[in-house]
Amino acid sequence: MTFLSKSLGALAAAMLMVAGAQADVDEAVAKKIKAKLSASNPGATVGEVRESPVEGLYEVDAQGGNVLFVSKDGNHFIAGDLYQVAPQGLVNLSEKRRGQVRATVMDEQPMDEMIVFSPKGETKAHIYVFTDVDCGYCRKLHDDVPELNRRGIEVRYLAFPRAGINSLGYRKIATAWCADNPNQTLTDLKNRKNVSISVCKDNPVADQYKLGNEVIDVRGTPTIVLQDGTVVPGYIPPDTLAKALGV
């Protein structure tokens, strides 16, 4: 089973897990909603139907990790995020649910297919980072790794060659994943040292790139995924990151 197929399997399981925490939907209602949506767009994939927090609307999983809010008769739907007006401010319930799914998916990924920088002492928190070796802010974040480790934050790298899997960037970052000492090789590449390109077979870089594109929706590098599934696009300093992790 490939890295990506395991990721998509974990995504499906996570969505079912989150759905299972909500009330069961009447089978006839779910069938009607699915039939209406499928008839309007035969090529679309219609997933799980769930009760939404708004009476009379149902959540329906759609392609690309999107969620539709559909009327009970299936004749109307809203495409977009659902917000709750709470005393502390607006809460994006849709993003909160997506975060739960992302957290489960990321935690299912094999650690031995990542390049991990661990604290010498207690690990208090961890982050996942989709990275590229030719990205300036990726280098800046990598310079912060010793400080993050000192604070007890483990950094788990996944490869995301920005120019795609047929690029020089892919061959560079795959060299790190194929090296005898991946941590040092990744550091050397980020520091623009002269490293001989050597791409091994069956490296996980292409699958990690697909994971970033198809599951996490990485738009650029670095992209940080926190433990709760929150996605942070771009660089943030150690103080801000530690505060977000509660460390």
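Student: What makes strand S8 (residues 125-131) a mostly covered strand?

Tutor: The model is a predicted one, and in it seven of the seven residues of S8 are buried. Ala125, Ile127, Val129 and Thr131 point one way from the strand, while His126, Tyr128 and Phe130 point the other way, and all of them are buried.

Student: What makes S8 and strand S9 (residues 153-159) a pair of strands?

Tutor: Two strands pair if at least two bridges are found between them, and S8 and S9 share seven bridges in the parallel sense. Within this pairing, threonine 131 stands opposite alanine 159 in S9. S8 is also joined to strand S10 (residues 223-225), here by three bridges and in the antiparallel sense, with valine 129 opposite isoleucine 224 in S10.

Student: Why are strands S7 and S11 said to stand at the edges?

Tutor: The sheet is an open one of five strands in the order S7-S9-S8-S10-S11, with mixed pairing. Strand S7 (115-117) and S11 each have a single partner strand, so one side of each is left without a neighbour in the sheet. From one strand to the next the twist averages 20 degrees. For S11, the pairing with S10 is antiparallel and consists of three bridges, and valine 225 stands opposite valine 231 in S11. Helix H3 (residues 93-107) packs on this sheet, where it touches S8, S9, S10 and S11, and its direction makes about 85 degrees with that of S8.

Student: Which term describes the directions of helix H6 (residues 168-178) and helix H7 (residues 182-190), and why?

Tutor: The two helices pack at an angle of about 155 degrees, with their axes 7 Å apart. Angles over 145 degrees count as roughly antiparallel, and H6 is therefore roughly antiparallel to H7. In this contact, Lys172, Thr175, Ala176 and Trp177 of H6 meet Pro182, Thr185, Leu186 and Leu189 of H7, and these residues divide into five nonpolar, two polar and one charged.

Student: How do you know that aspartate 132 and arginine 162 form a salt bridge?

Tutor: The limit is 4 Å between a side-chain nitrogen of Lys or Arg and a carboxyl oxygen of Asp or Glu, and here the N to O distance is 3.4 Å, so the pair qualifies. Aspartate 132 lies in the loop between S8 and helix H4 (136-143), and arginine 162 in the loop between S9 and H6, so the pair ties together parts that are 30 residues apart in sequence. At 3% relative accessibility aspartate 132 is classed as buried, whereas arginine 162, at 45%, is classed as partly exposed.

Student: What makes lysine 172 and aspartate 134 a salt bridge as well?

Tutor: Their side chains meet at 3.1 Å, N to O, and that value is within the limit of 4 Å. Lysine 172 belongs to helix H6 and aspartate 134 to the loop between S8 and H4, so this bridge ties together parts that are 38 residues apart in sequence. With relative accessible areas of 22% for lysine 172 and 30% for aspartate 134, each is classed as partly exposed.

Terms used:
Residues are numbered from 1 along each chain as its sequence is written. This is a predicted model: local features need pLDDT of at least 70, side-chain atom pairs count only at pLDDT 80 or more; totals for chains, interfaces and linings use all residues. Side-chain values use heavy atoms; hydrogens and water are left out. Axes are lines fitted to C-alpha atoms, for helices over the stretch in contact, and angles run from 0 to 180 degrees between N-to-C directions. Helices (H or I, at least four residues) and strands (E, at least two) are DSSP runs, numbered from the N terminus. Angles under 35 degrees count as roughly parallel, over 145 as roughly antiparallel, 65 to 115 as roughly perpendicular and the rest as oblique. Contact means heavy atoms within 4.5 Å. Ala, Val, Leu, Ile, Met, Phe, Trp, Tyr, Cys and Pro count as nonpolar, Asp, Glu, Lys and Arg as charged, and the others, Gly among them, as polar. Buried means under 20% relative accessible area, exposed over 50%, partly exposed in between (1.4 Å probe, protein chains only).
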